[in-house]
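Reader: Please show me how to read a protein model, one feature after another.

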Amino acid sequence: MLTFTNRTALVTGAGRGIGKAIAETLARHGVTVICVSKSADSCGAVAAAITASGGKAKALAVDVADGAAVAKAAEQLLAEFPTIDILVNNAGITRDGLLFRMSSDDWDAVIQTNLSSCFHWTKHLARPMTRARWGRIVNMASVSGIMGNAGQANYSAAKAGMIGLTKSLAREFASRSVTVNAVAPGFIKTDMTTEFVNNPEVAAKILEAVPLKRFGEAADIANVTAFLCSEEAGYITGQVFSVDGGMAM
Ligand code: NAP
């Protein structure tokens with residue numbers, strides 16, 4: 001069991017997949033979880049399920065790509081919660097395509113949703129953490145941000161950017177005991193990867209590059225993320241944790 005002392009966490013992309021698993025795992029550890037997603041339905045369902053099973057959760061529909069919307073949401077949350085101790089920047093999208101066919105819209109949407117969102121949320125929520133001299137920030141990067149991936153120039157650039165942001169902010173916030181780390185998942189079974197996982201030929205090709213020869217589960221990512229958010233991880237900052245079945249060795 002990990003230690004959390006009256007902590008509140010905000011998890012983006014908590015409506016489905018990896019973010020949902022992170023929200024549920026933190027809630028099981030007694031953390032109050034603010035579940036953010038784009039649609040009110042998905043974060044609402046996750047928060048309701050957590051509450052129904054005895055946990056503490058609140059749902060909040062915010063487009064994380066919209067800096068003004070994030071600023072407004074953060075202001076309201078900081079008025080409602082005395083502290084938000086943990087921030088998990090997990091919301092993300094893909095708009096894959098080879099560079100010559102990639103539109104500016106696809107580039108901008110991926111950069112704004114995956115990378116700029118981390119800047120917006122951290123800018124608003126990290127200051128109270130630094131004042132409280134305790135905080136945990138985890139950014140959900142990707143194996144694509146470490147190795148690159150043909151057809152994912154926008155996504156790889158956003159995820160590599162998240163790693164740079166993680167390392168810079170780890171240095172900025174270290175003196176206030178606010179840690180900043182990144183998790184880099186490989187291929188995890190969620191809505192984002194359904195079309196690959198459910199296509200036997202594509203799945204077999206992908207698994208050739210995965211030493212553990214299986215796709216990951218959302219829980220594999222949630223477990224590492226919960227650890228990085230816990231009291232026990234207080235001496236770890238600026239690190240990138242690959243959870244990818246050995247892909248990026
Ligand atoms: P997913 O199943 O597609 O879920 C994405 C979540 O992000 C959803 O809850 C979605 O909200 C939310 N979201 C997307 N755009 C948003 C926006 N503009 N504003 C607010 N919320 C938004 O994805 P996943 O597979 O769990 O991925 C989670 C994270 O892990 C992403 O950052 C992804 O890049 C990263 N990752 C995933 C894999 C993988 O294999 N699955 C591998 C490496 C990295 P709605 O529910 O409202 O649509």
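**Salt bridges, cores and a cavity**

Author: Lys-58 is partly exposed, with a relative accessible area of 26%; buried means under 20%, exposed over 50% and partly exposed in between, using a 1.4 Å probe and protein chains only. This is a predicted model, in which local features need pLDDT of at least 70 and side-chain atom pairs count only at pLDDT 80 or more, while totals for chains, interfaces and linings use all residues. Residues are numbered from 1 along each chain as its sequence is written, and side-chain values use heavy atoms, with hydrogens and water left out.

Reader: With which residue does Lys-58 form a salt bridge?

Author: A salt bridge is a side-chain nitrogen of Lys or Arg within 4 Å of a carboxyl oxygen of Asp or Glu. Lys-58 forms one with Glu-80, where the closest N and O atoms are 3.1 Å apart. This pair links distant parts of the chain, since Lys-58 is in strand 3 (residues 57-61) and Glu-80 is in helix 3 (residues 67-80), 22 residues apart; helices (H or I, at least four residues) and strands (E, at least two) are DSSP runs, numbered from the N terminus. Glu-80 is partly exposed as well, at 46%.

Reader: How many salt bridges are there by this rule?

Author: The count is eight. One of them joins Glu-24 to Lys-20, with the closest N and O atoms 3.3 Å apart, and both of these residues lie in helix 1, four residues apart, or about one turn of the helix. Another pairs Arg-214 with Asp-220 at 3.5 Å.

Reader: Which residues touch the most other members of the largest nonpolar core?

Author: In soluble globular proteins, nonpolar side chains tend to be buried together. A nonpolar core is a set of buried Ala, Val, Leu, Ile, Met, Phe, Trp, Tyr and Cys residues joined through side-chain atoms within 4.5 Å. Here the largest core has 31 residues, and Ile-22, Leu-26, Val-33 and Cys-35 touch the most other members. Apart from this core lies another, of 24 residues, including Phe-81 and Phe-173.

Reader: Which residues line the largest cavity?

Author: On a 1 Å grid over the protein atoms alone, a cavity is a set of points where a 1.4 Å probe fits but cannot get out, and lining residues have an atom within 4 Å of a point. The lining consists of Thr-83, Ile-84, Asp-85, Pro-128, Met-129, Ala-132 and Trp-134.

Conventions: 1 Å grid on protein atoms, 1.4 Å probe; cavity = no way out; pocket = protein on both sides within 12 Å on 5 of 7 lines; lining within 4 Å.
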